[in-house]
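Hi everyone, thanks for coming.

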Amino acid sequence: MSISVRPVEARCDEDTLWVALSDGRTIGAPLAWFPRLLHATAEQRARIELTSRGLHWEELDEDIGIAGLLAGRGDQSKPPKKGEAA
C-alpha cells in the first residue's frame, strides 16, 4: 500500500499514542495496542524518531507504520510461546 501522509509530530500520554499527520489529521491509538510502549517508561516513550513511513523507538525495538495506524491495526508481532524469552 502506498501512503502519501507522513508523521509530523508524535507523543504519548498515559493511555494513548497521538500522531499528527502531514495532511492535518491527528490520530490516536491506545497504548494497549502496543505492549512495548504500554510497559515502557514515559521517558522511553518520549524518545520517538519520526520516519517517512512511521514511528521508531530504538531502545524499545518498536516500529509503528502510519498505514497500520490508519487501518486500525495494533502490534502485529506474535507473543512469545510459553517458556520462550521475550
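A quick definition first: two strands count as paired if DSSP finds at least two bridges between them. Strands themselves are DSSP runs of E with at least two residues, numbered from the N terminus. This is a predicted model, where local features need pLDDT of at least 70, side-chain atom pairs count only at pLDDT 80 or more, and totals for chains, interfaces and linings use all residues. Residues are numbered from 1 along each chain as its sequence is written, and side-chain values use heavy atoms, with hydrogens and water left out.

Let's start with the open sheet of three strands, ordered β1-β2-β3 and paired antiparallel. At its edges are β1 (7-12) and β3 (26-30), each pairing on one side only.

How do β1 and β2 meet? Five bridges link β1 to β2, residues 16-21, in the antiparallel sense, and a hairpin of three residues joins the two. Look for Arg11 opposite Trp18 in β2, and Pro7 opposite Leu21.

On to β3: five bridges pair β2 with β3, again antiparallel, and Ala20 faces Thr26 across that pairing. Four residues lie between β2 and β3 in their hairpin, and Gly24 in the turn has a positive phi of about 100 degrees. Five of the six residues of β2 are buried, meaning under 20% relative accessible area with a 1.4 Å probe, protein chains only.

Now the open sheet β4-β5-β6, also antiparallel. Here β4 (49-50) and β6 (62-65) each have a single partner strand, so one side of each is left without a neighbour in the sheet. Four bridges join β5, residues 54-57, to β6, with Trp57 opposite Glu62.

Definitions and conventions
Buried means under 20% relative accessible area, exposed over 50%, partly exposed in between (1.4 Å probe, protein chains only).
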